[in-house]
Amino acid sequence: MPWHTLCKVADCPPGACREVVAGDRIVALFNVDGELHALDGVCPHQGGPLGKGNLQGHVVTCPWHGWQFDVRNGEFQLRKSLVQPRLNLRTVDDVVQVEIV
């Protein structure tokens, strides 16, 4: 089954970020002004936990070494050609689900 439950919508309020395991993936879930976004939760630099980072606006900062990504599209802020993989989300009956393929 490609869709995995992450949490309830209320568990990730605006301005929040969370780290959630879905299947064999670590997912970083973000809420920017009521809009949910998901990225692969493992920072490409040295494997830091993006879901435990600091979210300011639409940019998350990895807590390990400060790499920053736009959570809306995955773009690394210093080099737009480096993109953290985005994951598809859906909400079903107030439950957030991610597509893992």
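**Cores and salt bridges in a predicted model**

Biologist: With which residues is valine 98 in contact, leaving aside its neighbours within four places in sequence?

Modeller: Valine 98 is in contact with Pro2, Trp3, His4, Leu6, Ala22, Val27, Leu87, Asn88 and Leu89; contact means heavy atoms within 4.5 Å. This is a predicted model, in which local features need pLDDT of at least 70 and side-chain atom pairs count only at pLDDT 80 or more, while totals for chains, interfaces and linings use all residues. Residues are numbered from 1 along each chain as its sequence is written, and side-chain values use heavy atoms, with hydrogens and water left out.

Biologist: What makes a set of residues a nonpolar core?

Modeller: The members must be buried Ala, Val, Leu, Ile, Met, Phe, Trp, Tyr or Cys residues joined through side-chain atoms within 4.5 Å. Buried means under 20% relative accessible area, exposed over 50%, and partly exposed in between (1.4 Å probe, protein chains only). The largest such core has 14 residues, and Leu6, Val27, Leu29 and Val98 have the most contacts inside it. At least two residues of this core come from each of strands S1 (3–8), S2 (17–22), S3 (25–32), S4 (35–40) and S9 (95–99); strands are DSSP runs of E, at least two residues long, and are numbered from the N terminus.

Biologist: Why is the contact between glutamate 19 and lysine 52 called a salt bridge?

Modeller: The term requires a side-chain nitrogen of Lys or Arg within 4 Å of a carboxyl oxygen of Asp or Glu. The N to O distance for glutamate 19 and lysine 52 is 3.7 Å, so the pair meets the definition. Glutamate 19 lies in strand S2 and lysine 52 in the loop between S4 and strand S5 (54–56), so the pair ties together parts that are 33 residues apart in sequence.

Biologist: How do you know whether lysine 52 is buried or exposed?

Modeller: Its relative accessibility is 56%, so lysine 52 counts as exposed. Glutamate 19, at 32%, counts as partly exposed.

Biologist: Why is aspartate 70 called buried?

Modeller: Its relative accessibility is 5%, so aspartate 70 falls under the limit for buried residues. Aspartate 70 forms a salt bridge with arginine 72, the closest N and O atoms being 2.8 Å apart.

Methods
Helix = DSSP H or I, 4+ residues; strand = E, 2+ residues; numbered from the N terminus.
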